[in-house]
Amino acid sequence: MAKSNGSDRAERRTLLKYLGVGGAVGLAGCSGGGDTTTQNTNDGGDGGTTQTTGEGTASGDVPRGGKPVIGLTNAPRGFNPLVISDSAAFAIMDQLFVYPTARDPNNPNETTAYGFSDWEFDPDTLKGTAKITEGLSWTDGPDFTAEDVAFTFNYLMENEGHRYEGNTGNLESLEQTGDYSIKFKLANETAAVFSPDTGVFAVPILPKHIWKDVDDYTKYSPDKIPGAGGFEWTAQDADNWYELTARPDAFPDELSEGPYVDKLRFLVYGDMTSLINGLKNGEVDLTYDSITPNRAFQLQDSDSVTVWNSATRGYNYIAYNMRRVPFDDKAFRQGLGFVYPFKYLVNTLRRGLSTAGDYAAANTYDPWRPDSFDEPIPHGPYKTESGELDVEKVRSFLENADGDHTYSFGSVKSSQVTGDKEIRIDGELLTDAHTDNDGNAGQGPLQMMMTPPSASPVIARACARFVENLNEVGIPTEQHPVAENSQTPLVWGQEDFDMWESGWVYMPKPHFYLSFWLASNRADMESNKEALHLNPMGYGNADDLIKKVGSTYADEKQKQYAKEALAQIYEDMPALITEYPNRLHASSNDYDGWIQMPGGISQNPWTYVNVHKKQ
Amino acid sequence: MATSDHSRLDRVRDRLVPWKIGLSRTWGQFTESPVGVIGLVILAAISLMAVFAPHIAPHSLDWTALPENPTFEQAGSHPHPPAFGDPFFAPLGTDSLGHGIFTQLVYGSRTALYIGLAAGILSSLVGVPLGIISGYYSNTWVDEGIQRVVDILYALPFLPLVIVLVFVRGMSTTNLILAIVVKSWLNNAIVIRGQVLSLSERPFVEAARASGASDLRIMFRHIVPNVLPLGFVYLAQDAAFAILIQASVAFLGFSDFTNMSWGVMLQWIQVEGYVYTAWWWLVPPGLMIALLAASFYFVGYSLEDVMNPGGQS
Amino acid sequence: MARITGRYLLRRIGISAVTIYAIATLLFALLHAMPGSPVDQLVGPSMTTEQIQNLEARFGLNAPLWEQYVNFMTNYLVGDFGYSVTTLEPVSSRILDRLVPTLILFVPAFVLQYSLGTILGTYFGWNRGGKLDLGGFMAGLTLYSIPFFWLGWILIWVFSNQLGVLPGGHMLPPFVTEYGWVDGVVNLVLHLTLPMLALALIGWAGPMLVMRTTMQDVVDADYVDFARAQGYPESAVMTRFGARNALIPVVTQAIIGIAFMIDGSVIVETVFSWPGIGKLLVDAVLAKDLPTALAAFFVLGVLIVALRLLTDIVYTMIDPRIEFGGTD
């Protein structure tokens, strides 16, 4: 496993001192609160820990009051959770809706109670039961009971085409067995039953008394919603600002003694520049979306702002279209790993706030990642020691590779190439040998499909450097910027791409998601269907291993299979995992108690329930 | 035979005469106003900057003030305010990756001039002939047809239309120029048509028609020279407008960022977040855009200005 | 006054109607040519292929294009703009909601630009060639060339960041649901100042140029000499006799100018976080919310066609050649 070398680590430690860690009270009312170590969630360990630093104070001393403002860069599009998917809408909806389970802030890889107070599941019979947390109530009156839970899941099962179809698709039946208890049966086995985000039950519970009248959910667009969480809807100026009021008395103490603030406010800005401006002016207390390293560095000099540096749960990658020559050859794909500018990306562009990538699982999920490049199967490493381009090394790797094609380097013929030699594939120029999905040759230089810098400046620059490196080695390549919203039909629909940069932000544990995009049942292998497929590479070599991972429940065995699958995937290199970029957020120093988890501080409900004015 | 050669040459010269008249008339009127001359001087200066960019710029576009393995402190000192030799030479400072602002400014002039002139010339090439045809054959179905096309395109807002077109066709400089021309030619056509309409009622045109000259000949020999000055006016305006639109499109994030241009410089400062903290990066590109667009406007408007009172000779 | 015949009017309205129909068709074709669909952003990694296809069916994206076109046309004839694909609200109410803030900003800016521009244009045109004229002319053109968003940033930097006297964005201070009259107006004006300043500084040159040009025409006119001979003071000659007649082209330009504020509004609304229709339009295009994007473009198109029709009629009616008996 690629560990950062000494100097990188030292630089990063200096960073940490810079990027202050505000004093925060441990999660009041939760077991095991108040951890006093200043630990960066980046340093591996047991899957990452929560950073709740500072003195642990007795829960009675938490100051109440305050109206923190959260800055958004997009207006929420609507508040129908079955239909809307933008992060701004969920920023608000997550404080209103209750989910059955949530991540445990003290142990983020574990699941903790929220809407369900207890649960069990038998993988052999596929039957299970759950107890509903008592003491929750809807803001417009009725209690939150198993009736709402049963209604929600049956409603979701009866309707098609909503965003939770993937979660509830596996439910065969669910019934209420009491005021606060339900039982259910699954159709197929799965490891993700109760886990947040991806589990069968990772669904917001809808209020039965409202939704029973909604016949066609696709036409339902409420302006405001009753909630059962720690906050209730108060006021809004559509597309401009939204306000929620805290209801600590309606939130059971065993979940949390909060919320401690009076109100929670959301303010929409035209762009990130004005939002950061607002943060410096004191108009805003938290950035909801992650900010770029440059902005983080500028903010750290400000006395009124703290920058939070959290590990990520996801990763960025470059997908290769394995239907096309030369990407059909494993050796070629492996060779590209020596060309990618890892060091430039991590050190210069990310200012050290990232880690070079290797496995399709973030560093946070260390227990599931292979321990070294030799175990459990030898795989690579396919990158240079320093992370910088080494032209000779790449060329000799390709020339000596025993792949489906033979590679050699000769005189330069293509205008894109800046180096002293150009590659030949089976004796032909790449521009001639390069095929499309149907096998027609002569497709010209390779195309690196990328998002323009307005959306992701760092990645745009990294891709530009990658293209430069490729041309330096002798592999003619061009940049192909495509607007973010236009990429999906091209890549997931028509599979019309050579290389495509993308990333996943919130990935759950490896055994849950490897099948999402790395198994052949998610691929349109012949590329003859218009429907969207999440495995645009056309990769299927790890199918058996991925299946084993997804159907094993025993903890240790599961981790072992995950290691094997990840090692195999690395060896096959259907996509180059480029980095695990840290998630950076900024908050004003007026408030404390932000809960930092892998993925950032703004995207878990505990943050808002625990935040309070600084003492 | 000697005589036939002579007459062929004469004929060629004859054909060129209307153009010569038109051009010299335009130049004569133009130099009457100091505004136009100032505009031309600025334009010439920027053109020189574009042509001789590699000699004027202190570094190449790839140059960066950061060493091979920058330390954390070194990387953190960029964007750097202007430095004149110690520790590096960057008269207008650097951007966040250490590239020289002045270098980018100089090379950016190429893209700006290219876009301005290409959009201006293309708009004129489309708009002027259509305007002439439309005005000459006014009130026939030809005229009505062209008018309707103009009406339809006129009703679409410029910037959103450019965004849609860039989406459909992809984000390259060529596509941007084409998207601009789609709307830009309209003004040319409308105005030229108007002038042709009033010209068509003049005695010399009536006389030419009476003497049996073909339509094409009339348009060429009599109409074109009189329309040229106005054509230039609108070419200049189109060029200025194209430059400003490119900056807006870059601001919104839809421009071709692989070519360095002033608009792209402003886009980078925006996405990197240094708008309010790096004035040496913020101010120069904006000033240059304004200067170039202003020079086109000066040239164009001064022409129109001079043409005006009793301008139609 | 020139007489407008009923036939003329009918013909012009007929042409406008055909134009509007053609615009609608062009917009439909253009927006459908954009790659992508609103489904793209709803797709989550855990969805199976059938689930994704269900999503597409739900949005009616599977219907053949001609069928969608027919539906589109019939709905628009009765003014039914449909429902936004992203927010599920009726499109017409969304557009109306966002149109108001745009008007609040642009109407005063517009008035400011045109008053300033017209007055200055009058002076410059009257004193053609003088130092004031040349200086003002060049200053106006230079300001006209400044990119709006850049000027916006500079203004925000100076007044909001450094001096801290004016707010740097938004329409009103947030989180207050009701404002007393005085309070509301005062706050609105404060928030309006910077964007309006930016718009006016750049835009005043437009009307100035037109006014200046037409004043130059008027300066030598017979009736002006006549008025001078009659003993009116120079300033009165300039304003009562000169400017009044020179105003006509400016007015007709202004009518059209109203429609073009949409172009500028996209930029303003991004820089100043102003919740207007320009941003709505661009966001709808980006999110592939075709109903909203189509409707917004269409409404603007109709507005422009209507305004041009109005301009044509007004211009024909008050053609000065006929008014003052002179032939050209």
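A: Let's start in chain B, where helix α5 (residues 101–136) and helix α6 (residues 141–154) pack at an angle of about 135 degrees, with their axes 7 Å apart. Angles over 145 degrees would count as roughly antiparallel and 65 to 115 as roughly perpendicular, so α5(B) is oblique to α6(B). The crossing of these two helices, α5(B) and α6(B), is left-handed. Keep in mind as you look around that this is a predicted model.

Now for who touches whom. On the α5(B) side, the contact is made by Leu130(B), Ile133(B) and Ser134(B). Facing them from α6(B) are Val142(B), Asp143(B), Ile146(B) and Gln147(B). Sorted by class, the contact of α5(B) with α6(B) has four nonpolar, two polar and one charged residues.

The largest one has 346 residues. Those with the most contacts inside this core are Ala565(A), Val162(B), Ile243(B), Ala293(B), Tyr297(B) and Ala296(C). Chain B also holds the helix that gives the most to this core: α10 (residues 215–252), with 21 residues. As a bit of background, nonpolar side chains tend to be buried together in soluble globular proteins.

Leaving aside its neighbours within four places in sequence, Ala296(C) is in contact with Ile95(C), Ile277(C), Leu280(C), Leu281(C) and Ala284(C). Chain C itself has 14 helices and zero strands. Of its 328 residues, 42% count as buried. If you look at the contacts in chain C with a separation of 6 or more, residues 24 or more positions apart account for 75% of them.

Next, see where the chains meet. Chain C puts 39 residues in contact with 42 residues of chain A. On the chain C side, α2 (49–58) and α11 (261–271) each supply at least two residues, and the largest share, eight residues, comes from α2(C). That side of chain C divides into 16 nonpolar, 17 polar and six charged residues.

Chain A also touches chain B, the chain we started in: 23 residues of chain A are in contact with 19 residues of chain B. From chain A, α1 (6–18), α6 (272–281), α7 (293–300) and β19 (477–481) each supply at least two residues of that side. By class, the chain A side has nine nonpolar, 11 polar and three charged residues.

While we're in chain A, have a look at helix α14 (residues 510–517), which is mostly covered: eight of its eight residues are buried. Among them are His511(A), Phe512(A), Tyr513(A) and Trp517(A). What covers the buried residues of α14(A) includes α15 (543–550) and α16 (555–572) of chain A.

Setting aside neighbours within four places in sequence, Leu171(A) is in contact with Phe153(A), Met157(A), Phe184(A), Leu186(A) and Val200(A). The C-alpha atoms of Leu171(A) and Asn154(A) are separated by 9.2 Å, and these two residues are 17 residues apart along the chain.

Note on methods: Residues are numbered from 1 along each chain as its sequence is written. Chains are lettered from A and ligands numbered from 1 in the order in which they are written. This is a predicted model: local features need pLDDT of at least 70, side-chain atom pairs count only at pLDDT 80 or more; totals for chains, interfaces and linings use all residues. A residue is buried if 20 or more other C-beta atoms lie within 10 Å of its own, exposed if 12 or fewer, and partly exposed in between; C-beta atoms are placed from the backbone. Helices (H or I, at least four residues) and strands (E, at least two) are DSSP runs, numbered from the N terminus. Two residues are in contact if their C-beta atoms, placed from the backbone, lie within 7 Å. Axes are lines fitted to C-alpha atoms, for helices over the stretch in contact, and angles run from 0 to 180 degrees between N-to-C directions. Angles under 35 degrees count as roughly parallel, over 145 as roughly antiparallel, 65 to 115 as roughly perpendicular and the rest as oblique. A crossing is left-handed if the near helix is turned anticlockwise from the far one by less than a right angle, and right-handed if clockwise. Ala, Val, Leu, Ile, Met, Phe, Trp, Tyr, Cys and Pro count as nonpolar, Asp, Glu, Lys and Arg as charged, and the others, Gly among them, as polar. A nonpolar core is a set of buried Ala, Val, Leu, Ile, Met, Phe, Trp, Tyr and Cys residues joined through C-beta atoms within 7 Å.
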